[in-house]
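Have a look at the structure first, and then read on.

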Amino acid sequence: MGAFDDYLGGAKIETPGGAFDDYLKTSQRGTIAEIGTQLYAGATIDLPKMVGQAMQWMGSTDTGPALTDWAAKREQDNPDLAPQIEGRGIIGRALSSGARALVPSAAMIIPAAVAAPFGAMAAGGAAAAGAFGLFGASQAQETYDKLIKDGVDPDQAKQAGYINLLIEGGGETLGTMAGVKLFGIGAKALGKMSPIQAAIKGVTETGVLMPFAKQLPKTLAIEAGTEFGQNFGEAAVERGYGGTNVESPWVAGVQGAEAALGMTMLLAPFGLGGF
């Protein structure tokens, strides 16, 4: 087997679970397999967990905790779905973490993109609703749970949760709007075309490619910057309120920036195709 095949491939291992889980669970996954695995894990672990946490923060005492516990158990029972970032370069790490975050983020991007034709206010409102309602609330609950586990007073933990709700919700709103703008440029330039026509036009027409190429670096910078700031700020808040099992704000910030870069790279072809 060639070196490139070795890089992309992965040896199949026997694991418990469904057939699709078995297919994705590989040792020494290559980049393509890793992206597919993390997309699947984001959809079947992270998104349900976030929804459950958000419901808990908003007052659910049955469905929310049950969904959060279900997602946590699924994650515990499927350790081979965890990101494999050891030994990967910055692009590989970014694509892995970006793929993991892609499905939860789409839960915000899609409503904002649908609302975009009705104006910037409508798109911004949809983005903010998703950002604060899902990402902000779930982050608030996660912060609260972390601090309670570390022995912090419940009132202080609740206060920290509200602060991180604002940090996460505000940053995700800005990032979502940047993503919607990237998609909007492609859609506006391409007009009413089939997806295949749009993809061909996107890479051949300067009227599409040039505005898209101009916006892409801005989107990358905004996405990476907001995610760095969010993760840095949230870790700093948790430490400031007495959290003892909290990673360095700088480490958390870099991890967030890498995920944002990877997610934007994965979404860029769809933006160019005018989706």
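Two cavities of 30 Å³ or more are counted here. On a 1 Å grid over the protein atoms alone, a cavity is a set of points where a 1.4 Å probe fits but cannot get out, while a pocket is an open set with protein on both sides within 12 Å along at least five of seven lines; lining residues have an atom within 4 Å of a point. Grid points are joined across faces, edges and corners, and a volume is the space filled by probe spheres set on the points.

Please keep in mind that this is a predicted model, in which local features need pLDDT of at least 70, side-chain atom pairs count only at pLDDT 80 or more, and totals for chains, interfaces and linings use all residues. Residues are numbered from 1 along each chain as its sequence is written, and side-chain values use heavy atoms, with hydrogens and water left out.

**The spaces**

The second largest cavity holds about 50 Å³ of space. Its lining is made by Ser-105, Met-108, Ile-109, Glu-172, Gly-175, Thr-176, Glu-223 and Met-263. H5 and H7 are the elements that give two or more residues to this lining; helices (H or I, at least four residues) are DSSP runs, numbered from the N terminus.

The largest pocket has a volume of about 1300 Å³. Of the 39 residues that line this pocket, Asp-46, Arg-100, Glu-142, Asn-231 and Gln-255 lie nearest its centre. Helices H3 (31–57), H5 (90–115), H6 (120–149), H7 (154–190), H9 (206–240) and H10 (249–272) each give two or more residues to the lining. H10 gives the most, with seven residues.

**The charged pairs**

Side chains of opposite charge can pair when their charged atoms come close. Seven salt bridges are counted in this model, a salt bridge being a side-chain nitrogen of Lys or Arg within 4 Å of a carboxyl oxygen of Asp or Glu. Three of them are set out below.

| Salt bridge | N to O distance |
|---|---|
| Arg-88 and Glu-34 | 3.9 Å |
| Glu-75 and Arg-100 | 3.8 Å |
| Glu-258 and Arg-93 | 2.9 Å |

Arg-88 lies in the loop between helix H4 (63–77) and H5, and Glu-34 in helix H3, so their pair ties together parts that are 54 residues apart in sequence. Arg-88 has a relative accessible area of 14% and is buried, as is Glu-34 with 1%; buried means under 20% relative accessible area, exposed over 50%, and partly exposed in between (1.4 Å probe, protein chains only). Both residues also belong to a network of salt bridges with Arg-29.

Glu-75 in helix H4 and Arg-100 in helix H5 are 25 residues apart. Glu-75 is partly exposed at 37%, whereas Arg-100 is buried at 10%. The pair of Glu-258 in helix H10 and Arg-93 in helix H5 spans 165 residues. Here Glu-258 is buried at 13% and Arg-93 is partly exposed at 25%.

Gln-38 sits in helix H3 and is buried, at 0% relative accessibility. Its side chain makes a polar contact of 3.0 Å with that of Arg-100 (a pair of N or O atoms within 3.5 Å; within protein, one must be able to donate a hydrogen and the other to accept it, and residues adjacent in sequence count only if both atoms are side-chain atoms).

Leu-266 is part of helix H10. Leu-266 and Ile-35 are 231 residues apart in sequence but 9.4 Å apart in space, C-alpha to C-alpha.
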